[in-house]
Amino acid sequence: MIGRTISRIIIEGRADRDTSGGMIIHTRLNDGTAVCIRTVRKDDEQRLTQGIAKLSTESRYLRFFSGMRQPPQHVIDALLDVDGHDHIAWGAIASDEPGQPALGVVHAFRDADDPGQAEFSVTVIDEYQGRGIARLLSTVLLLDCRREDLEKLTVHILPENRAAILLAKSLGADHVHRESGVTIFDIEIEPALASLREVSDVPGIADVFAAFEAGEA
């Protein structure tokens, strides 16, 4: 859950840079809501904690395997410790709403023992679930992971988290095994991106691909 006030005109389907040089992507959700997608920074702590507090008890449990209103500070610190290589994280904010609230965030933590692999997670606040944010953020993350030479993501999902399992399977996830009641899936980045290119019901995904392709040109 991240965000920053952006005092400028939004050009939809385009990307620009923030003051630190990070990419900012402007697009819309399936229902027309304007969103800004950018990388997470250390000064996002307040929006991160506010976003987590907006999650329902069930959503916090499915994401953190705990229903506590806020994770411990060391977990917050880890989520904000983003370097763009070993820890890649992007978030979405509602560009046109008062206060520009945080809507969702996605993370990839590189495996120290297997540098071509990272652990993947995505969170969307309850009132914005089902509007395409999870797939938008997954697309951004996968493209950034590929740029950072990652090849595979693993995701740990509770069996009752049907939405997360459906998302993982839509990305071509293979069920690896269960561990302590948690189902573990592997997602190969290149096939997942190929699948996302074919998605037609989340128009903003095309904007994400275009932004990365323009940035790498």
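**Charged side chains and salt bridges in the predicted model**

On the surface, Asp 174 takes part in a patch of negative charge together with Asp 113, Asp 114, Asp 149, Glu 151 and Glu 188. The structure described here is a predicted model.

The overall architecture comprises seven helices and nine strands. The protein has 217 residues, of which 47% are classed as buried. Among contacts with a separation of 6 or more, 61% involve residues 24 or more positions apart.

Side chains of opposite charge can pair when their charged atoms come close. Ten salt bridges were found in a search of the whole structure. One of the salt bridges joins Arg 131 to Asp 31, with 2.8 Å between the closest N and O atoms. This pair links distant parts of the chain, 100 residues apart: Arg 131 is located in the loop between β6 (117-124) and α4 (133-147), and Asp 31 in the loop between β2 (23-28) and β3 (34-39). Arg 131 is partly exposed because its relative accessibility is 23%; Asp 31, at 45%, likewise counts as partly exposed.

A salt bridge is also formed by the side chains of Lys 42 and Asp 81, at an N to O distance of 3.4 Å. Lys 42 occupies the loop between β3 and α1 (45-54), whereas Asp 81 occupies the loop between α3 (73-80) and β4 (87-94); the pair therefore ties together parts that are 39 residues apart in sequence. With a relative accessible area of 57%, Lys 42 is exposed, while Asp 81 is partly exposed at 44% relative accessibility.

A further salt bridge, between the side chains of Lys 152 and Asp 186, has an N to O distance of 3.6 Å. Here the partners lie in strands: Lys 152 in β7 (residues 152-157) and Asp 186 in β9 (residues 182-188), so that distant parts of the chain, 34 residues apart, are linked. The relative accessible area of Lys 152 is 21%, and this residue is partly exposed. Asp 186, by contrast, is buried, with a relative accessible area of 18%, because the buried class covers values under 20%.

Notes:
Residues numbered from 1 in each chain as written. Predicted model: local features only at pLDDT ≥ 70, side-chain atom pairs only at ≥ 80, totals over all residues. Heavy atoms only, no water. Patch = residues over 30% accessible without salt bridge, like charges linked within 9 Å, V, L, I, M, F, W, Y side chains within 5 Å. Areas by Shrake-Rupley, 256 points an atom, 1.4 Å probe, with all protein chains shown as cover. Salt bridge = Lys/Arg side-chain N within 4 Å of Asp/Glu carboxyl O. Lys, Arg positive; Asp, Glu negative; His and termini not counted. Charge placed at Lys NZ, Arg CZ, Asp CG, Glu CD. Helix = DSSP H or I, 4+ residues; strand = E, 2+ residues; numbered from the N terminus. Buried < 20%, exposed > 50% of the residue type's maximum accessible area, 1.4 Å probe, protein only. Contact = heavy atoms within 4.5 Å.
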